[in-house]
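Thanks for coming, everyone. Please have a look at the sequence and the structure, and then I'll walk you through one part of it.

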Amino acid sequence: MPWFVKIETGIVPKKIFDQYVPQHTAYVRKLIDLGHEAKTGYWQNSEGGMLLFKADSYEEAKTIVEQDPLIKNGCVKYQLYQWCIVVE
């Protein structure tokens, strides 16, 4: 399975964003349980973050990302990329 990266930037006040963090965390744990090897985090000293995960195709990756509570609740804007690993 290829790797995909969702780069996101927050677009709502932190107070609103933080309301959806527990749902986002549960969503990522579910992705892990389903075999997507997901990892999520935020940028130190900057707004936004990243979700790294595996999916069978770009279309599946887009579907996965659209289910993220942070996106469903309008908390972030994002870009989705397939990450082509050169060295492992």
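Predicted model: local features only at pLDDT ≥ 70, side-chain atom pairs only at ≥ 80, totals over all residues.

H2 has 13 residues, and from its first C-alpha to its last it reaches 18 Å, close to the 18 Å expected at 1.5 Å a residue.

Which residues of H2 are buried? They are His24, Tyr27, Val28 and Leu31. These four sit on the same side of H2, because they cover an arc of only 95° around the axis.

What do the buried residues of H2 pack against? The list is strands S1, S2 and S3, together with helices H3 and H4.

Now let me zoom in on histidine 24. Its relative accessibility is 6%, and it counts as buried because the cut-off is under 20%. Beyond its neighbours within four places in sequence, histidine 24 is in contact with Lys6, Thr40, Asp68, Pro69 and Leu70.

Just after H2 comes glycine 35, with a positive phi of about 95°.

Finally, the core. The largest nonpolar core has 17 residues, and Leu51 and Phe53 have the most contacts inside it. H2, S3, H3, H4 and strand S4 each give two or more residues to this core. As for phenylalanine 53, its contacts outside four places in sequence include Trp3, Phe4, Ile64, Val65 and Leu80.

How values were computed. Residues numbered from 1 in each chain as written. Heavy atoms only, no water. Buried < 20%, exposed > 50% of the residue type's maximum accessible area, 1.4 Å probe, protein only. Contact = heavy atoms within 4.5 Å. Expected span 1.5 Å × (residues − 1). Arc of directions from axis to C-beta. Core = buried A, V, L, I, M, F, W, Y, C linked by side-chain atoms within 4.5 Å.
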